[in-house]
Amino acid sequence: MSLSSAADTAAPPGPRPFRGGLLSLEPPCLLGSRCTACGNVTFPARGFCPACRSVDGLEEVTLGTEGVVHSFTVVRQAPPGVEVPYVLAWVDLPGSGVRLMATVSGLEPHHVELGMSVELELTPFGTAGDGAELIGFRFRPAGVAT
Amino acid sequence: MSLAPAHVAGVGMVRFGKYPADVTLERMALGAGRAALVDAGADLGQVDALYVGHVFGGPVAGQRIAAQLGLDGKPVSNHENYCASGATAIREAWVALSAGLHDVVLVVGVEKMTDRVSGGVRPDPGDLDAAVGYVMAAGHAMSARRYMADHGATREQIAAVAVKNHAHSVHNPFAQYQKPISLEQVLAARQIAEPLGLLDCSPISDGAAAVVLCSPAGLRRLGISGPVPRVLGVGLVSGSVLTGLGDLNAEDVSGRAGEEAWKLSGVGPDEIDLVEMHDCFTIAEIVRMEGLGLVPLGQGAAWAADGHTALGGRLPVNPSGGLLSRGHPVGATGVAQVCELTWQLRGTAGGRQVDGARTGLAYCKGGTVNGTDGGSVTTVVMTR
């Protein structure tokens, strides 16, 4: 009894990224890998450089948080359990030379435009088996306070 | 290195569609496999091996099929490359024939989707794209929006692909849908992932297709003396990790698959008379034809709207009706494309026959992998 009551009162572990190595909670940003041989930056981090195929000298790098919408869609049908509609976009991070896929929130879907400026936002991505809050990422219109 | 062609002794399909649960994977595979064996005039004892392409069939689906079909005890292998699974099985069969391992093989592509997939297909849950909300329709919708912005193409031009392929399907007894549709219907259809609507998307389907492939010795074993259509080569590439901020619709993966096809078959792109193209979505037919180099960059949508890719046009694409109309039981599609090319090259395609068809290409693109320009792409080159 004492063991189970101790477990009941233990605080769950603190929030953590929904995948290790994908992002930093503080400062909030995405993590990629940079090839020290050719300078190419990749997200997510890989064990090789896709530009020059080097497997040595890859270092972790923080990515810029300012992005531009390269293309987007309003998803109106998804498999069961996924709430629609939502905006999914290809977002370019010009400062890092990286393009990635993410949702865009914080505005009406029909207000999203090609070329629009957005910024990274960390957001809950569910709960782990140990009770910890998992943190993922999305984008919101640049300069809009949350 | 040049591999010997695989001769197509027989083909068979069951009509693609939405079937009740008791029309099982095994039952559909049995129907298509038997039809192909009958078409080839082959007895069970004359078949050396079974190759099966499927995605959702579960462990040893091919062996379950063999035990229904009467090919139990033979070498059986299962091939999964998502929507390119059936074509991948054909590639492996072609290699085995060329190597002299077998002389007569049966290839079956099969999928039972309607009792296990709803709302659209998506990547493996372990893929990062799936975690951020990716569904296949969304990727093609973003491709379409960028294509329109970059090339001045219109929504109507993209929708013309669906109108064209459904017009072709009227003549295909194996197609899930065999009715013409209007441009207005495509544009007014329920939105799935903007700007794409329901009729821009291939359906979730059940179905099976099968081919009997032979070496020259295999043809003799089956008593076939006249010429039959041949698979000259099957290209296979995978998506490569993208770097930088380039053209979203560059389709380098399609270009590389085309180069593989030309190299393996000895056929050049200017010799292709018709294409069975993986039009899982309208826009996909457009950008993939461009990626192959068969349509000039940025002109694919206009080509569709102007009829250049219709029957009787400059380069007919999807005389079968394509995935949009024939249906898309994912593991079966690549084999169904080879059935269609076979009928076209035999000159027995009826109302959808491409006049004078001598050489054809079948293209499949299967799956997505985060950060790359695709999962797998196959390119089958056939001649008569």
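Entry one. I began with B:Phe56, which touches B:Tyr82, B:Glu111, B:Met113, B:Arg116, B:Val117, B:Val121 and B:Val330, residues up to four places away in sequence not being counted, where contact means heavy atoms within 4.5 Å. The model is predicted, so I kept in mind that local features need pLDDT of at least 70 and side-chain atom pairs pLDDT 80 or more, while totals for chains, interfaces and linings use all residues. Residues are numbered from 1 along each chain as its sequence is written, chains are lettered from A and ligands numbered from 1 in the order in which they are written, and side-chain values use heavy atoms, with hydrogens and water left out.

I placed B:Phe56 in the loop between strand E2 (49-53) and helix H2 (61-69) of chain B, and at 25% relative accessibility B:Phe56 counts as partly exposed (buried is under 20% relative accessible area, exposed over 50%, partly exposed in between, with a 1.4 Å probe and protein chains only).

Entry two. I then turned to B:Thr342 in helix H13 (residues 330-346) of chain B, which is buried at a relative accessible area of 0%. The side chain of B:Thr342 reaches the backbone oxygen of B:Val338 at 2.7 Å, and I listed B:Val8, B:Val11, B:Pro229 and B:Met382 as residues that B:Thr342 touches, again without those up to four places away in sequence.

Last, I looked up helix H5 (residues 136-151) and helix H10 (residues 282-292) of chain B, which pack at an angle of about 65 degrees with their axes 9 Å apart.

Key: Axes fitted to C-alpha atoms, helices over the stretch in contact; angles between N-to-C directions. Helix = DSSP H or I, 4+ residues; strand = E, 2+ residues; numbered from the N terminus. Polar contact = N/O pair within 3.5 Å; in protein donor to acceptor, adjacent residues only side chain to side chain.
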